[in-house]
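Please keep the structure in view while reading.

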Amino acid sequence: MTSTVWLVPHTHWDREWYEPFQRFRLRLVDLMDDVVERAAREPDFRFTMDGQMAAIDDYLEVRPEQTDAVRKLVASGQLAIGPWRVLMDEFLCSGETMIRNLEMGWADADRLGAVMPIGYLPDMFGHCAQMPQILRHAGIEQAVVYRGVPAEVDRHEFWWRSPDGTGIRTEFLANSYGNVADVFGGGAARERLAARLATQTAAYDEDFLAMYGTDHAAPLPTLMSEVAGLTADPDGPRIRVATLTEYLADPRTAEGELRTIDGELRSHARSNILPGVLSVRWHLKEAMARTERLLTRYAEPFAALYLPTLPSHYLSMAWRRVIDSSCHDSVTGCGVDETAVQVLARLQEGEHAAQAVRDRALAVAASTAPIGSLVIANPLASTRHDVVELTVPVAASLERVGLELPDGSVVPAQEISRPVAELATETVRSEDLPKLMHRVHDRELFGLQVRDIEIDEAARTLTFHLADHGDPDFDAIAAEARLRAAAEATGPGVEWRVVTQDEPRRRLAASVPVPALGWTSARVVGLDGGEGRDQAAVRVDDRVLDNGLVRVEVDEHGSLTVGSDGVTLSGVGRLVDGGDAGDSYNYAPPSDDVLVDAPSSVRVAAIGSAGPVVGVLRVDRWYDLPSSSDLAGRSGDTESTPVSMHVELRTGEPFVRLRLDWQNRTRDHRLRLHVPTAVAADHSHAQGQLAVVRRGRTAEAGPVGEFPLPTFPAETFVDAGGAGILLGRTVEYEVVEGQDSASTEIAVTLLRSIGYLSRNVHPYRSEPAGPQLPTPEAQVLGPCTMSLAVMPHRGSWSDVGLAEAAEAYLHPVVVSAGTAPAETALRQIEGLTVGGPGVQLVSLRRREDDDTAVEVRLLNSSDNPTAAELGSPAVPVRSASQVDGLGRLGDELDVENGILPMSLRPWEIATVKVDLGLPLPS
């Protein structure tokens, strides 16, 4: 029998959703004004601010004069704030973004007082496998969840365990985060509360958690007086108004008595998890992935290691843009069009800031390399060979060229093409010749530098000679005078031929060795000839690519047969388009669907030269797709939709790269790319949020709610039945039956084109997920793109190094031009090395300018314990300490001869601070 009702007044505040941010914020200001005033007037009133600091910050930006009042309420325990910056979607941002989200939210809350030490996760659309470890890594001992909990959980508490074995006590909001939201007001609170206790207490013992609040709702003004009236009844339950912190202050069940649930929470049994958000507004997912990678693997590491002055504020600003975009109604794309526009702009701001920091750090590298040379920087924490493609000046007299490296060796280069040197030709009357100099900005013309102006009066020809590096003594005024003299010499009205001429260039490709988190410089030199192809050289023959590791052949339908090590995948890249009468939350096929999987025409062509470094085929396909769909079926009229697939094979790579570009011309449909498995698969593995998760081919259903569609998220790769797919952005995928019932295929959703935020009538969901508002921009008409790679293999994903292949695929080297004097020698600079089987670098940063140490986060991405090592003779570790998920220092670690050895349990996330004597010499 219930003895105490713990009544937790709160709101769930979606910063942006069916209205854009600023429209919602005005309502937030009203709500918080009321909360602050009421709490000051009623000392027994409590309020939990949704676990996210963004709402508090948004309020105080408008009401800065209320800062002290908020601080007093936090100190008194009446207002619970933090620990997150925002309530993110756990499958559409990286694990590192979630860690930074927690770190930022905790720091913001700490400035106002005590932080709510609870991993509050009330409305995320499922929960990632590593969340218990992420929370415990920050010192948080309890979590609160609602969606995704499996049917086997029959109590309000369970023990949730990450793949590394870290567990956390978890409160299950069995009846949602608003289970008593409608009890008060209307004069029937006693009867309504009694009804709730009669129907919702099965999961509880003596204490019952009553969450009073819902989306964008403020507590009623009469709340405390109504509670007082109920409490006065000696036969009624005891009601205690509390924050979540107070409710969870004392554990109610011993750890050993709790049911243990392992891994991710993505069950449909108890609540909707709305999986369709994974694939709407694909451009938001693309922007999120691109910006996260720029920040964590380029901007922060290079700036930390090589910049004497760290642009900390700029990096923090970039992270805030990314984190704020990770909200579960933001990057998901399930808001109105105005919201999506703001999210994309915010992510682009973060991307631009990250680019600026990366480029500033790499300018240090460029300053060590001579003009005319190249700097090739490696974001991986291990040495590698990577293919660079670049367009560079090459003397016309050189037949074959290569890249000379600092040790004097030369890497042969493949010539892909020779760009046209004559950039423009026009006819100009003689009196207008001097005006041509108005086009020149300083020395810049056509994005290049003016090297010389050649005047041929006899031929009546004027040539602007351009180059990467122009004549530093070029004088525009003197040049204009020369043109005026030429015009006067020939007289008015005479026609001149004006040519803008670039220096001879070639498009080259070369496989270059680069050191860990460092760079090498290289310059183009001529080859004597005689260098042959090695066994991994790429060959192109009609419709075939082969690099000795992978063989690719295009069939008559434009699909691929991809083979490696005796494993063959036939039909790779087959496209399947079907109707989608759903909304931004859930896919729904029309009752009379029409699937289109055969192109109306196919064209195949080789692009560029035929190896030996890179081989490319372009496969163009046209599909006649129905123009639109509704719940009944697809329209009879069609639109011809062109899809171009860029198929690329590089030397030494065990996978084939695919880039698809197409024009989406039709509405209300779902387009998926299929990759057949080598053997029929009853499960898949997918990487995401610092884990690789094993999933079956079905999803757990419940008695009501949404249809348990077995589509799942994958962040960097998905693998099933010997077919590995490396992913350029987070996607949804499904393992489906193949073209015969005995086979299977991985179907990767390229886009869902939909026209409503939510639908009130939905065949795959029993209730709306939001208001039925039109979202015409969610049809994503216009240009679309998707990049991925396919890797056939024997054995498991871990046996063949699929995670390592994804790391290399997603983090290419960066090429920039040298800026040092021409006589400067070529150099190679090594950064921090991280080694060990299964060990992945998650992030590397420096917190302060005067800090000589970096904070490094590692992941053991395997099912086995492993030994990691940080440091090398070139860049030794001086000292090291453990660090928690909030950056707080722990125990010192032993360093052996400049190397930090670490033992990591399976799937452990470990953070350390290592002193390298920064910045590194360059």
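A residue is called buried when its relative accessible area is under 20%, exposed when that area is over 50%, and partly exposed in between. Arginine 857 has a relative accessibility of 1%, and therefore counts as buried. The model in which this residue stands is a predicted one.

Of the 922 residues of the protein, 60% are buried.

The overall form may be described next. The protein contains 13 helices and 51 strands. Along the principal axes, its C-alpha atoms fill a box of roughly 110 × 65 × 65 Å. A compact globule with 922 residues would have a radius of gyration near 29 Å, and the 31 Å of the protein agrees with this. Among contacts with a separation of 6 or more, 76% are between residues 24 or more positions apart.

The charges form the next topic. The protein has 86 positive and 134 negative charges, and their mean positions are 2 Å apart. Side chains of opposite charge can pair when their charged atoms come close. In the whole structure, 68 salt bridges are found.

One of these salt bridges joins aspartate 324 to arginine 85, with 2.8 Å between the closest N and O atoms. Aspartate 324 belongs to helix α10 (residues 312-325), whereas arginine 85 lies in the loop between β3 (79-80) and α4 (95-110), so the pair ties together parts 239 residues apart in sequence. Both aspartate 324 and arginine 85 are buried. They also take part in a network of salt bridges that links Arg15, Asp57, Asp58, Arg85, Asp108, Arg111, Arg320 and Asp324.

Glutamate 96 has a relative accessibility of 3% and so counts as buried.

A further salt bridge is formed by glutamate 349 and arginine 321, whose closest N and O atoms are 3.1 Å apart. Glutamate 349 lies in helix α11 (residues 337-366) and arginine 321 in helix α10, so this pair ties together parts 28 residues apart in sequence. Are these two residues buried or partly exposed? Glutamate 349, at 42% relative accessibility, counts as partly exposed, and arginine 321 is partly exposed with a relative accessible area of 24%.

Technical notes: Residues numbered from 1 in each chain as written. Predicted model: local features only at pLDDT ≥ 70, side-chain atom pairs only at ≥ 80, totals over all residues. Heavy atoms only, no water. Helix = DSSP H or I, 4+ residues; strand = E, 2+ residues; numbered from the N terminus. Rg over C-alpha atoms; globule rule 2.2 N^0.38 Å. Buried < 20%, exposed > 50% of the residue type's maximum accessible area, 1.4 Å probe, protein only. Contact = heavy atoms within 4.5 Å. Lys, Arg positive; Asp, Glu negative; His and termini not counted. Charge placed at Lys NZ, Arg CZ, Asp CG, Glu CD. Salt bridge = Lys/Arg side-chain N within 4 Å of Asp/Glu carboxyl O.
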